[in-house]
Amino acid sequence: MTPDYVIEVSGLTKKYGTVQAVNNITFHVPAGSVTGFLGRNGAGKSTTIKMLLGMISPTSGSGTMLGARIDVAAESLQARRRVAFVGEDKGLYPYMTVQQLIRFTRSFYRDWQPEVEATLLRRYALPLNRKVRELSKGMRTKLALLLALARRPALLILDEPTEGLDPVSIEDLLQSLSGCTAEGTTVFFSSHQLSEVERIADEILILDRGRLAMSFSMDQLRESYRWVNAGFDKQPPSFEFKIPGVEHSHTNGRQVVALVKGDADRVARHAKDLGAVSVEIAPASLREIFLDTVKDHA
Amino acid sequence: MLFYKAWLESRSRFFIGLIVIAALCCVFVLFHELFRSRMQTTRGTLPYQDYIYLRVYGGFVRGIFLLVAIVLGLGGLNAERGRNTLMFTLALPVRRGYLLATRAMTGLAEVATLALLPALLIPWLSAGAGQVYPAFQSWNFFVLWVAIGWALFASAFLASCVFENDYSALTAALIAFYIYPLAVARTPFLRPYPLHIHYIMNGTGMPYFDPQTHSFVGPLPWAILGGVLLVSVALIYLASQLPVRMDRS
């Protein structure tokens with residue numbers, strides 16, 4: 001039986017000496033979703049992924065991946081049989097040929113799908129006898145994706161998958177990822193490319209300075225998130241906007257801009273009650289929310 | 001397939017070592033007359049068995065073998081970090097201990113193969129060159145070379161798990177290679193014990209070896225070799241207990 005959530009973490013923390021790379025984060029990833037894991041460089045995305053994959057131990061907190069505890073080596077190993085990972089640098093053994101690497105990877109997974117391998121080999125036009133070190137970054141990404149998808153993994157984790165790729169390769173990758181969920185694979189990927197995330201993600205997690213700054217679904221974004229832009233004729237009282245429904249707000253001259261989840265009209269009325277001379281409500285895009293969130297926490 | 005990976009990673013170093021050792025054995029045997037003519041003793045021409053000892057089993061080839069054993073111990077997960085392949089390896093559904101064990105076993109097999117090379121080549125080439133080198137001498141040296149080669153491989157293996165790059169690990173292993181025997185030789189209370197790995201390997205001052213004839217005169221020191229083997233296993237086990245250094249994110 002597939003669990004409701006393929007990833008569940010609670011209070012997950014990782015410290016390196018005095019540096020707090022990940023600070024008490026709690027989130028879950030629904031089965032069958034495409035979840036975008038956003039954050040600036042150094043936000044803690046890769047550290048979180050390393051903890052999920054059992055590569056490093058959390059300093060505190062707990063988590064499960066496909067029902068297996070991430071900090072128990074034996075359980076993590078079992079989970080990794082059903083998880084595929086594509087790293088940011090697509091670091092594959094440079095001394096192996098494409099064919100050798102496919103054969104090597106295949107030997108670890110009993111549920112390897114030869115027909116998927118053959119289909120992807122054709123689609124990606126990978127040269128079987130060429131050494132990995134001789135492949136372009138785009139080709140390496142395709143190979144990494146083939147190694148990941150040919151197992152029909154329950155969970156596919158990607159760390160900055162489009163980093164360094166040309167637009168055509170990015171399009172290929174996004175199409176492959178979009179098609180994954182139809183095969184029953186949950187996709188969890190970190191990225192800086194907000195337009196790409198917006199295209200394919202169902203769920204969004206925003207990490208900032210090791211903390212989970214926001215978590216929402218794309219449906220929620222479209223239906224519930226609005227900007228309320230209130231203009232005042234004198235210095236506005238920004239603290240008055242710390243009310244339920246306001247995710248965060250900031251003052252820009254005589255204007256207060258608030259990101260509202262839920263009833264934006266109520267917040268607009270509140271602004272008018274405070275003496276706003278103009279109030280505008282506008283839909284929020286992922287880019288705006290992300291930039292506002294990481295700026296807000298800076 | 002992890003053995004295959006370990007083999008692909010180390011085969012260049014192994015083949016370089018193999019070619020160098022085989023070439024030196026060939027040169028020293030096939031051109032023995034030329035070299036021996038330059039090594040006159042008070043008794044005349046150096047006997048062939050002494051010559052082989054001074055050039056191969058107790059000399060230059062032995063040093064090359066030990067250096068290759070050290071170089072074969074390098075690599076592993078810390079080196080993979082430098083190649084950006086560490087995360088791919090660690091994401092495989094394999095225990096880290098198994099990753100290390102396959103690399104260790106591959107390296108130990110390669111060291112044993114290199115030690116076997118003179119044991120096979122010297123008697124065979126000697127016959128071709130019209131000389132006789134007793135096979136049992138070669139086999140005894142093979143056993144000593146394997147034991148000490150494994151110990152040096154294990155020390156480099158440990159260094160490769162401690163240090164973040166191959167150069168630091170190689171430096172540390174080479175320092176140990178030179179410092180350890182010196183420390184044993186210069187420490188009065190250690191001197192009486194058979195702790196000097198080079199002496200164990202070439203027989204210097206050992207009861208099983210006659211320095212006059214450069215031949216074995218007694219049974220191999222199995223207890224000492226067992227101790228060396230235990231130390232090797234302990235070093236590899238210690239390496240497996242060290243955490244892999246990951247990048248900070």
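Ground rules first: I call two strands paired if DSSP finds at least two bridges between them. Helices (H or I, at least four residues) and strands (E, at least two) are DSSP runs, numbered from the N terminus. This is a predicted model, so local features need pLDDT of at least 70 and side-chain atom pairs count only at pLDDT 80 or more, while totals for chains, interfaces and linings use all residues. Residues are numbered from 1 along each chain as its sequence is written, and chains are lettered from A and ligands numbered from 1 in the order in which they are written.

**Entry: around S11(A)**

I looked up strand S11 (residues 225–231) of chain A and found seven antiparallel bridges to strand S13 (residues 255–261) of chain A. S11(A) also runs antiparallel to strand S14 (residues 278–283) of chain A, with six bridges. Which residues face A:Arg226? In S13(A) its bridge partner is A:Val260, and in S14(A) A:Pro283 stands opposite A:Arg226.

**Entry: the four-stranded sheet**

Here I traced an open sheet of chain A in the order S2-S1-S4-S5, with antiparallel pairing. Its edge strands are S2 and strand S5 (68–69) of chain A, each pairing on one side only. I checked the S5(A) end: strand S4 (residues 60–65) of chain A pairs with S5(A) over two bridges, antiparallel. There A:Thr64 sits opposite A:Arg69. H1(A) packs on this sheet and touches strand S1 (5–16), S2 and S4 of chain A (contact: C-beta atoms, placed from the backbone, within 7 Å). The direction of H1(A) makes about 115° with that of S1(A); axes are lines fitted to C-alpha atoms, for helices over the stretch in contact, and angles run from 0 to 180 degrees between N-to-C directions.

**Entry: chain A against chain B**

How many residues does each chain bring to the contact? I get 26 residues from chain A and 19 residues from chain B. On the chain A side, strand S2 (19–30), helix H1 (45–52) and helix H2 (73–80) each supply at least two residues. H1(A) gives the most, with three residues.

**Entry: A:Gly42**

I found A:Gly42 in the loop between strand S3 (34–38) and H1 of chain A. A:Gly42 counts as partly exposed because it has 15 C-beta neighbours inside 10 Å (20 or more would be buried, 12 or fewer exposed, with C-beta atoms placed from the backbone). I also took its C-alpha separation from A:Lys272: 40 Å, at 230 residues apart along the chain.

Note on methods: Contact = placed C-beta atoms within 7 Å.
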